[in-house]
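Here are some notes for reading this model. Please keep the sequence and the structure open while going through the points.

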Amino acid sequence: GAKLLAYSTILDTVMSKENSCHFSLPQLAKAAGASHSPSALLPANRMQGLRGGCGPLFNSRAVHHSGRLLPRHPLRQQEEQLKENVYRSITHDVDHVIQLLEVMTRGSGHQLASVFLDRVAPHSQPSVWPPEDSQKYSLEWDLKVKRCFDTHPILWQILLLISRAPAGLVICAPVIRSQLAVLSQQWQRCTTGIRTTAYPQLLGDCLTLMECITLAKWLPRGLAVGELLPYISPHEAFLCLRAVYGFLKENFNSLMARRQCGEIKSNGYTEVVRGVLIRNIDKLGSVYARLLTS
């Protein structure tokens, strides 16, 4: 209904090529220290070139999606008005967009998660941990998802918002799986003998991903490796992410059956993290005590 249309309008706008200059990495960096008021930007949207991401605003055939979320017939007058109202409420301020989505998702994030998945990973199977041997979820597919996030970094903030409701992140499980697969492989290719902090963008993506998974309560305490990542080597980061990947792949159905993480055996994967902590005990002694001692 109306919310699906609103979510689609917002995501299509922030992900459109025409608006890439407003929601690119430099713009995200500026947003953190912005002193202007988001409301002051409302009249400036059209002057600064902020355009509807679905092409001509009232042309339903120009909407980029598989067709399962919005009807393909011409938009009715009330739908046109709703879309126009939502579009006018979007500014090029990243924080304002996230605040708008936060207000809209109070109570449930299912619809936002569905639209998000449709834009980032169309034709995927929601709520199912993708099979390793499926051609659809090959490395090429995973890289496509990763590239989408690299092109539109605001998607990380939207994914964080979705992860506040664990059921919403379940819908985005294919996205989580693709990110884990690609990020772990990127760490494997990095130079050894240095810290992960030498790769700030890669480290930042990993920290945000782990925050999403932790917020959704998908991991036992011993696998909450986010706080380790800035203090270890790229190879150790690869080992930690592969342990998280293996645990989720093996136990995803149990987690979706609402079993508590503490009830699921994770000894093999936790031992990998224990080994990393022991090798860096001088820096991570307090983390070892917190994660791996009862």
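1. The sulfur of Cys-190 lies 9.1 Å from the closest cysteine sulfur, that of Cys-206, which is too far for a bond. A disulfide is a pair of cysteine sulfur atoms within 2.5 Å, and the structure holds 0 disulfides. Cys-190 is buried, with a relative accessible area of 13%. Cys-148 also counts as buried, at 14% relative accessibility. Buried means under 20% relative accessible area, exposed means over 50%, and partly exposed is in between (1.4 Å probe, protein chains only).

2. This is a predicted model, in which local features need pLDDT of at least 70 and side-chain atom pairs count only at pLDDT 80 or more, while totals for chains, interfaces and linings use all residues. Residues are numbered from 1 along each chain as its sequence is written, and side-chain values use heavy atoms, with hydrogens and water left out.

3. How far can the model be trusted? The quantity to look at is pLDDT, the predictor's confidence in each residue, from 0 to 100. The mean pLDDT of the protein is 75, and 66% of its residues reach 70 or more. Among the elements, helix 10 has the highest mean pLDDT (94), and helix 2 (residues 25-32) has the lowest (43). Over residues 26-70 pLDDT stays under 50, although the model has 95 contacts beyond four places in sequence for this stretch. Contact means heavy atoms within 4.5 Å. Where pLDDT is low, the predicted coordinates should not be read in detail.

4. The secondary structure comes to 13 helices and 0 strands. Helices (H or I, at least four residues) and strands (E, at least two) are DSSP runs, numbered from the N terminus. Of the 294 residues, 52% count as buried. Among contacts with a separation of 6 or more, 77% are between residues 24 or more positions apart.

5. Helix 5 (residues 110-120) is mostly covered, with 8 of its 11 residues buried. The buried residues include Leu-112, Val-115, Phe-116 and Leu-117, and also Asp-118 and Arg-119. Among the elements that cover them are helix 1 (2-15), helix 4 (94-104), helix 6 (139-151) and helix 9 (173-189).

6. The largest nonpolar core has 77 residues, and those with the most contacts inside it are Phe-116, Ile-213 and Trp-218. A nonpolar core is a set of buried Ala, Val, Leu, Ile, Met, Phe, Trp, Tyr and Cys residues joined through side-chain atoms within 4.5 Å. Helix 11 gives the most to this core, with 11 residues. Not counting residues up to four places away in sequence, Ile-213 touches Leu-169, Ile-176, Leu-180, Trp-218, Leu-219, Val-244 and Leu-248. In soluble globular proteins, nonpolar side chains tend to be buried together.

7. How many aromatic pairs does the structure hold? There are 5. In one of them, the rings of Phe-116 and Phe-149 have their centres 6.0 Å apart and their planes at 70°, so the pair is edge-to-face. Rings of Phe, Tyr and Trp (its six-membered ring) pair if their centres lie within 6.5 Å; planes under 30 degrees apart count as stacked, over 60 as edge-to-face and the rest as tilted. The pair links helix 5, which holds Phe-116, to helix 6, which holds Phe-149, 33 residues apart. Phe-116 is buried at a relative accessible area of 1%, and Phe-149 is buried at 1%. Phe-116, Phe-149 and Trp-156 form one aromatic cluster.

8. The rings of Trp-187 and Tyr-199 have their centres 6.1 Å apart and their planes at 85°, so this pair is edge-to-face. Trp-187 is in helix 9, and Tyr-199 is in the loop between helix 9 and helix 10, 12 residues apart. Trp-187 is buried, with a relative accessible area of 1%, whereas Tyr-199 is partly exposed, at 24%.

9. Is Lys-217 buried or exposed? At 66% relative accessibility, Lys-217 counts as exposed. Lys-217 lies in the loop between helix 10 (200-215) and helix 11 (234-256). Its phi is near 60°, a positive value in a residue other than glycine.

10. Asn-251 is in helix 11 and is buried, with a relative accessible area of 8%. The C-alpha atoms of Asn-251 and Trp-218 are separated by 9.5 Å, and the two residues are 33 residues apart along the chain.
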